[in-house]
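Biologist: Could we go through this model together, beginning with the surface and then turning to the strands?

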Amino acid sequence: APYASQDKSSHVSQMIRANYSYDSRYLFTATVRRDGYSAFGSDRKYGVFPSIAFGWNITNESFISGTSFNEVVNNLKFRVSWGENGNEAISPYSSLPNLRSLDYLSNDHSPLFGFYPSRLASAILGWETTTSTNFGVDFGLLDDRITGSFDYYLTNTSDLLLSRSIPPINGASEILENIGQTKGNGID
């Protein structure tokens, strides 16, 4: 039997960003992003994800420029940032209820067609959120013939979209929920 399907989803995003630089020494960036995804439940279709970042170009400071240190290290910038990011780890219609067919026999043994719930609705299904903090150093040596950066980061992802087992008396044996969490850190 031929089978066809079509999925449709919608995204909407808004973002505002502010940048400020004082004397190419002190740098500041703030961003707020609002994202919406049609596949999420009616109560959590939208997520707001802020971030901020600070930078300090120490080689542009008067106590560094023109010194012997500045002849070897021509670029040295310290950075720190914090922000949140959303992830939509589900397919369209995942927050809606679903039925599956179940054929059965009547008392007189004639075939009947029926349906049973295979997925329950979830109005609170929403964004996975990753919160990251980063500490970094950028450097340039010998007129930028040698450049590089070091970063230390911490990440925490919450509200991971995972299936949770439920009693089958509800008609389905699992439901998709925002229940997982991971943490990580590392050096780049």
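Modeller: Gladly, with the reminder that this is a predicted model. On its surface, Tyr20, Tyr22, Tyr26, Trp56, Phe63 and Phe78 form a nonpolar patch, and their accessible area together comes to about 630 Å².

Biologist: Which strands are the edge strands of the open sheet?

Modeller: The sheet is open and has seven strands with antiparallel pairing, in the order E1-E2-E3-E4-E9-E10-E11. An edge strand here pairs on one side only, and this holds for two strands, spanning residues 11–22 and 174–187. Neighbouring strands of the sheet are turned against each other by 10 degrees on average, with direction ignored. The edge strands are E1 and E11.

Biologist: Which residue in E10 is the bridge partner of Phe135?

Modeller: Strand E9 covers residues 128–141 and strand E10 covers residues 146–165, and the two pair in the antiparallel sense over 13 bridges. They form a hairpin with four residues between them, where Leu142 in the turn has a positive phi of about 50 degrees. Within this pairing Asn134 stands opposite Tyr153, while the bridge partner of Phe135 is Tyr152.

Biologist: Which residue in E11 is the bridge partner of Thr155?

Modeller: E10 is also joined to E11, and the two strands run antiparallel with 13 bridges. In E11, the residue that bridges to Thr155 is Gly184.

How values were computed: Residues numbered from 1 in each chain as written. Predicted model: local features only at pLDDT ≥ 70, side-chain atom pairs only at ≥ 80, totals over all residues. Heavy atoms only, no water. Pairing = 2+ DSSP bridges. Axes fitted to C-alpha atoms, helices over the stretch in contact; angles between N-to-C directions. Patch = residues over 30% accessible without salt bridge, like charges linked within 9 Å, V, L, I, M, F, W, Y side chains within 5 Å. Areas by Shrake-Rupley, 256 points an atom, 1.4 Å probe, with all protein chains shown as cover. Salt bridge = Lys/Arg side-chain N within 4 Å of Asp/Glu carboxyl O.
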